[in-house]
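Q: I have a structure open and want to learn how to read it. Can we go through some features one at a time?

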Amino acid sequence: MNYIWYPYIEAIQTEYDMTKLCYRVCEKVFFVQLGDETVKMPAGAHQISPLLEYVPVAMHDPDKVVKQETRLSRLDVNPFFRFGKIFNNILNPERTDHNDLVVCDVITHLLAHIDRICGMSRRDFRLLLIVKEIENGCYGSDTSAFRLFSVTEKRALAEMLIMLYETTNTLRCLDNLFHMIMTDFDVRLRDDEEVEFYNPCRFDKREDEKLKFIIKLFLPVGFSYVVHWEYTYGTIGHDESMVLGRFVL
């Protein structure tokens with residue numbers, strides 16, 4: 001995607017420090033005082049095409065050896081691709097204000113944010129609102145475990161909460177959720193009275209905290225559940241679960 005909002009969205013999704021996101025604009029010339037002499041210095045982006053709004057490093061780095069920190073700290077953009085009316089006066093080569101490049105970076109950040117908002121649907125705003133409410137403790141006072149989830153996982157939680165209110169089918173929502181974000185877990189309803197969570201891997205404290213948060217968020221108060229790590233009940237028809245020493249009695 002060759003638009004200024006693409007790296008902006010990537011930074012949000014990966015929880016990158018937005019203050020380090022730097023847009024570099026082209027076609028700018030300013031003057032630097034070197035001793036008694038004033039020298040004209042070009043300060044444009046080094047790889048810009050008039051046909052593109054943003055040139056990702058990936059176009060010049062097919063092997064993807066450049067790390068995200070390097071990629072997002074220098075984003076070469078062509079501000080005249082869509083925003084010529086905004087940048088024509090700011091990027092006038094005759095101007096000598098050294099702060100123009102900083103101003104352009106700030107303006108480009110704002111334009112990328114506007115692009116993001118304009119591309120969101122009503123459902124996207126609902127999901128953002130639910131995520132903020134969870135962070136503010138509206139669904140429970142203990143929100144420390146919520147910080148363990150990534151941006152994508154938080155959105156998945158919000159989507160399943162909407163589904164829960166629409167369908168009231170807790171087990172279906174949990175099953176969908178674990179298929180989306182915690183794929184190692186299986187969710188089963190045993191004898192219509194107990195939910196079983198099973199992970200064939202060894203106990204992991206971080207995953208366990210995330211699981212407990214999900215249980216508090218979705219299961220009705222007082223509903224019976226059990227969590228199994230590595231071993232679980234033997235199941236008829238699944239010989240691998242019936243090996244002695246490999247299942248819980």
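A: Start with an idea for helix pairs. An axis is a line fitted to the C-alpha atoms of the stretch in contact, and the angle between two axes runs from 0 to 180 degrees, taken between N-to-C directions. Keep in mind that this is a predicted model.

Q: At roughly what angle do the axes of helix H6 and H7 cross?
A: The axes of H6 (residues 151-167) and H7 cross at roughly 160 degrees and come within 9 Å. Angles over 145 degrees count as roughly antiparallel. H6 and H7 are therefore roughly antiparallel to each other. Their crossing is right-handed.

Q: Which residues in H6 and H7 meet?
A: From H6 come Ala156, Leu157, Glu159, Met160, Met163, Leu164 and Thr167. From H7 come Thr170, Arg172, Cys173, Asn176, Leu177 and Met180. By class, the contact of H6 with H7 has eight nonpolar, three polar and two charged residues.

Q: How do the axes of H7 and H8 cross?
A: Read this pair in the way just shown. H7 covers residues 170-180 and H8 covers residues 205-218. Their axes come within 11 Å and cross at roughly 150 degrees. That makes H7 roughly antiparallel to H8. The crossing of H7 and H8 is right-handed. On the H7 side, the contact is made by Thr170, Cys173, Leu174, Leu177 and Phe178. On the H8 side, Leu211, Ile214 and Phe218 make the contact. The contact of H7 with H8 has seven nonpolar residues, one polar and no charged.

Q: Now the strands. In what order do the three strands of the open sheet lie?
A: The order is S1-S5-S4, and the pairing is mixed. An edge strand pairs on one side only; here the edges are S1 (23-25) and S4 (54-55). S1 pairs with S5 (residues 75-77) in the parallel sense, over three bridges. Find Tyr23: its bridge partner in S5 is Leu75.

Q: Let me try a single residue. Is Ile4 buried or exposed?
A: The cut-off for buried is under 20% relative accessible area. Ile4 counts as buried because its relative accessibility is 3%. Ile4 lies in the segment before helix H1 (5-13).

Q: What is Ile4 in contact with, leaving aside its neighbours within four places in sequence?
A: Its contacts include Tyr23, Tyr54 and Val77. Tyr23 is also the residue whose bridge partner in S5 is Leu75. Ala112 is another contact of Ile4. Ile4 and Ala112 are 108 residues apart in sequence, yet 5.7 Å apart in space, C-alpha to C-alpha.

Notes: Residues are numbered from 1 along each chain as its sequence is written. This is a predicted model: local features need pLDDT of at least 70, side-chain atom pairs count only at pLDDT 80 or more; totals for chains, interfaces and linings use all residues. Side-chain values use heavy atoms; hydrogens and water are left out. Helices (H or I, at least four residues) and strands (E, at least two) are DSSP runs, numbered from the N terminus. Angles under 35 degrees count as roughly parallel, over 145 as roughly antiparallel, 65 to 115 as roughly perpendicular and the rest as oblique. A crossing is left-handed if the near helix is turned anticlockwise from the far one by less than a right angle, and right-handed if clockwise. Contact means heavy atoms within 4.5 Å. Ala, Val, Leu, Ile, Met, Phe, Trp, Tyr, Cys and Pro count as nonpolar, Asp, Glu, Lys and Arg as charged, and the others, Gly among them, as polar. Two strands pair if DSSP finds at least two bridges between them. Buried means under 20% relative accessible area, exposed over 50%, partly exposed in between (1.4 Å probe, protein chains only).
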